[in-house]
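Dear colleague,

Please find below the structure that I am handing over to you. My findings follow directly after it.

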Amino acid sequence: MEIQTPDWVKHAVFYQIFPDRFARTQQPQKRLLNDASWENWETMPTLQGYKGGDLWGIIEQLDYIQDLGINAIYFTPIFQSASNHRYHTHDYYQVDPLLGGNQAFRKFLDAAHERNIKVVLDGVFNHASRGFFFFHDILENGPHSPWVNWFKITDWPLAPYTGDLPANYESWADNRALPTFNHDNPDVREYIMEIGEYWLKFGIDGWRLDVPFEVKAPGFWQEFRDRIKAINPQAYIVGEVWGDSREWLDGTQFDGVMNYLFTGPTIAFTAGDRVVLSQVENRDYQTTPPLSAAEYALKMQELLQLYPWEIQLTQLNLLASHDTARLITIADGDQPSVELATLLLLTFPGAPSIYYGDEVGLPGGIDPDCRRGFPSAANWNQELLNIHRELITLRHKHPALCTGDYQVLFAQGELYIFTRTLGTEELIIAVNADTAIATASIDAASLHTQPQKILYGAGEYQWCDQELSLTLPPRSGCILG
């Protein structure tokens, strides 16, 4: 079977936005609530507090997003919910009124598309919320509810709010707030399929699927793909799977996954022994122990051999998300760790995803601290912002960085060098994660063309006697082309 994935994703740079925390509109008349007791925007977030970000505010920041070079946005959930993160879905057909409702989303989607920015929504289809109308009907009417077979009820009565009694229904991670759908029920299956179709017809460009590995019903994601692609063959379907994802990346289900198999080794190589263990313990991705260049090369080669190339090009690569501490905090505030990891992110096969605020140095520990309000311009790390802009610009300018072959040239000590090659274009990317100067000599036979200049970063190189000699300062990287 020929695997087909969306072409636009191969050239996309994503920006992940947590809607409650990115921007509040500057036009109060557009807000549903103006006298709400929002949490202070600048203080550490809490598990239950709202800071009042909305879609109108994000529309007002589209100039910033476009100027950064972003051409795709991935939203964490935006549907009506009684939680700031909105993974507790109340109504899959209504954008949360605190975000501006369906009207604001219509305006946002049109404004983004006018700028050629794609929009991917988060679909929480394994479970709903105990406030979801169909489940609430069961709470009111017990076994008499017409919706009783939509969930996995094990006994009566149900106890959705107290831990003193058995819940008597299955829920995600035993969280009583999140009753699990019965996906073997054909009506449930059809309901979820129609939600997926509805928002594609509304105009979104794809779905990020929350914990899709929890859905065990045979053929479920194959049908979801078929129905989504029937509406838009270029729609992107990306799953939240943290490990080996071959089961879902056979070309019949997802176009990619959130590629934490890239995240962990990249942090372990660039941050090394700076990693703050309390920020990564019990996480679902491996960021320790430190990796040498040779070990990192092996990890990347194993990853690139795991899936077909067409899938590799539409993986969603990331350094942080709403589910992880931010890299600057994991690396104990070490900025070069962020710079080197960002260089590797923007030059690796697949679509890079930047978690809002990472580009300006926003810190944050594990949830909920990783979900802080986007900082005011006075608190931006301008150096990091300029590095992100420069690398994103280079990625858009050089097709080899999007779809070119990936070949490791040198991996010794903490110096890692590889090429991205497409046709006659060849770029050489070098990263020195060491605290000392690093040098390498590379046989010209390994290269297709002689580099002409340094496109990014610091370093010196010489081409002599059919050999490339490269010297990099400590904790630095460069791109030659």
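Strand E1 (residues 14-17) pairs with strand E2 (72-75) in the parallel sense, over 4 bridges. Within this pairing, phenylalanine 75 of E2 is the bridge partner of isoleucine 17. Please note that the model is a predicted one.

E2 is also joined to strand E5 (118-123), by 3 bridges, and these two strands run parallel. Here tyrosine 74 stands opposite valine 120 of E5.

In a regular strand, side chains alternate between the two faces of the sheet. In E2, Ala72 and Tyr74 point one way, while Ile73 and Phe75 point the other way. All four of these residues are buried.

H3 has 14 residues and reaches 20 Å from its first C-alpha to its last, close to the 20 Å expected at 1.5 Å a residue. Its buried residues are Gly101, Asn102, Ala104, Phe105, Phe108, Leu109, Ala111 and Ala112. After H3 comes asparagine 116, which has a positive phi, near 60°.

Lastly, the largest pocket has a volume of about 960 Å³. Its lining comprises 34 residues, and those nearest its centre are His85, His88, Trp172, Asn175 and Asp367. By type, the lining divides into 13 polar, 11 nonpolar and 10 charged residues.

With kind regards

Definitions and conventions: Residues are numbered from 1 along each chain as its sequence is written. This is a predicted model: local features need pLDDT of at least 70, side-chain atom pairs count only at pLDDT 80 or more; totals for chains, interfaces and linings use all residues. Side-chain values use heavy atoms; hydrogens and water are left out. The expected span of a helix is 1.5 Å times one less than its number of residues. Buried means under 20% relative accessible area, exposed over 50%, partly exposed in between (1.4 Å probe, protein chains only). Contact means heavy atoms within 4.5 Å. On a 1 Å grid over the protein atoms alone, a cavity is a set of points where a 1.4 Å probe fits but cannot get out, and a pocket is an open set with protein on both sides within 12 Å along at least five of seven lines; lining residues have an atom within 4 Å of a point. Grid points are joined across faces, edges and corners, and a volume is the space filled by probe spheres set on the points. Ala, Val, Leu, Ile, Met, Phe, Trp, Tyr, Cys and Pro count as nonpolar, Asp, Glu, Lys and Arg as charged, and the others, Gly among them, as polar. Two strands pair if DSSP finds at least two bridges between them.
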